[in-house]
Amino acid sequence: MEEIAKNVARVRAAMAEAARKAGRDPGEILLCAASKMNDSARVQAAVQAGVDCCGENRVQELMEKLPQGAYTGKPVHFIGHLQTNKVNKVVGNVALIQSVDREELLQAIEKAAAKLNIVQPILLEVNIGAEASKSGFTPEEAMVIASRMAEFPHCKLEGLMAIPPISEEPGGNSKYFAQMHQLLVDIRAKKYDNVSMACLSMGMTDDFTDAIANGSTMIRVGTAIFGARHYGNQ
Ligand SMILES: *Cc1c(COP(=O)(O)O)cnc(C)c1O
């Protein structure tokens, strides 16, 4: 657990350095702990160490860790692929759904939020590398959805999220991060109803400094906080 606190401090220092180099205020960039496969005690250690929020990928893990108090003290976000039949478990239980990757999901979230009479903050996930293996809107589709957000009054579009391709070399994703930032700026300039575009969620363990250099306002970091995940042991 001490290790987690040290890791968070190390990530914070690297974030501040990247912000300073880019002439940005470190205070405008949030650190989201991507907590998949880490138990509640470890997630809570990251919260105590001062991350700004947690991001959970799987509905089952979210439902297990929520009542255990894993996130107590900080907001939790949903950042993974969300099946429409599990939307009811997530809407109202998380401060932000970052991974709205298709219109069908947006419609299901709207319906669930309307039923609860709440407004659910969301981000649109953009498949910025146009990878067949990843879900998400094209930039053009994201623009169209943003223009139609008045049709979804129980959702609030707060920005964009992206997971670019795995980079072959350092800095390899900078072009994708720059494209995401331009898309955010372009959508914001339209001043669509029910759209704020305050949040640009991009950058992970291997590339968050490049994401910060290109306008990220939230990085999602797993490995650099919790250590390597051991997928074999599930
Ligand atoms: C796991 C995950 C991260 C963090 O990845 P690391 O490389 O471990 O920092 C970020 N975003 C999403 C959506 C993830 O699933």
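Is Asn194 buried, partly exposed or exposed? At 23% relative accessibility, Asn194 counts as partly exposed, where buried means under 20% relative accessible area, exposed over 50%, and partly exposed in between (1.4 Å probe, protein chains only). The model is predicted, so local features need pLDDT of at least 70 and side-chain atom pairs count only at pLDDT 80 or more, while totals for chains, interfaces and linings use all residues. Residues are numbered from 1 along each chain as its sequence is written, and side-chain values use heavy atoms, with hydrogens and water left out.

Asn194 lies in the loop between helix 7 and strand 7; helices (H or I, at least four residues) and strands (E, at least two) are DSSP runs, numbered from the N terminus. Most residues other than glycine have a negative phi. Asn194 is not a glycine, yet has a positive phi of about 70 degrees. Lys191, in the loop between helix 7 and strand 7, also has a positive phi, near 50 degrees. Lys191 counts as exposed, at 71% relative accessibility.

UniProt, in an unreviewed entry, lists Lys36 for "modified residue: N6-(pyridoxal phosphate)lysine"; UniProt positions are given in the numbering used here, feature names are shortened, and annotations may be inferred rather than shown by experiment. Lys36 sits in the loop between strand 1 (30-34) and helix 2 (40-48). With a relative accessible area of 15%, Lys36 is buried. Leaving aside residues up to four places away in sequence, Lys36 touches Gly55, Glu56, Asn57, Arg58, Glu61, Lys65, Arg229 and Tyr231, a contact being heavy atoms within 4.5 Å.

Gly55 and Glu56 belong to strand 2 (residues 53-56). In a regular strand the side chains alternate between the two faces of the sheet. Here Cys53 and Gly55 point one way, Cys54 and Glu56 the other way, and all are buried. Strand 2 runs parallel to strand 1, joined by 3 bridges; two strands pair if DSSP finds at least two bridges between them. Gly55 is the bridge partner of Ala34. From strand 1 the chain crosses through helix 2 to strand 2, and this β-α-β crossover is right-handed: with the strands pointing away from the viewer, the path from the first strand over the helix to the second runs clockwise.

On to strand 3 (residues 76-78), which runs parallel to strand 2 and is joined to strand 2 by 3 bridges. Glu56 has Phe78 as its bridge partner. Strand 2, helix 3 (residues 59-65) and strand 3 make a right-handed β-α-β unit.
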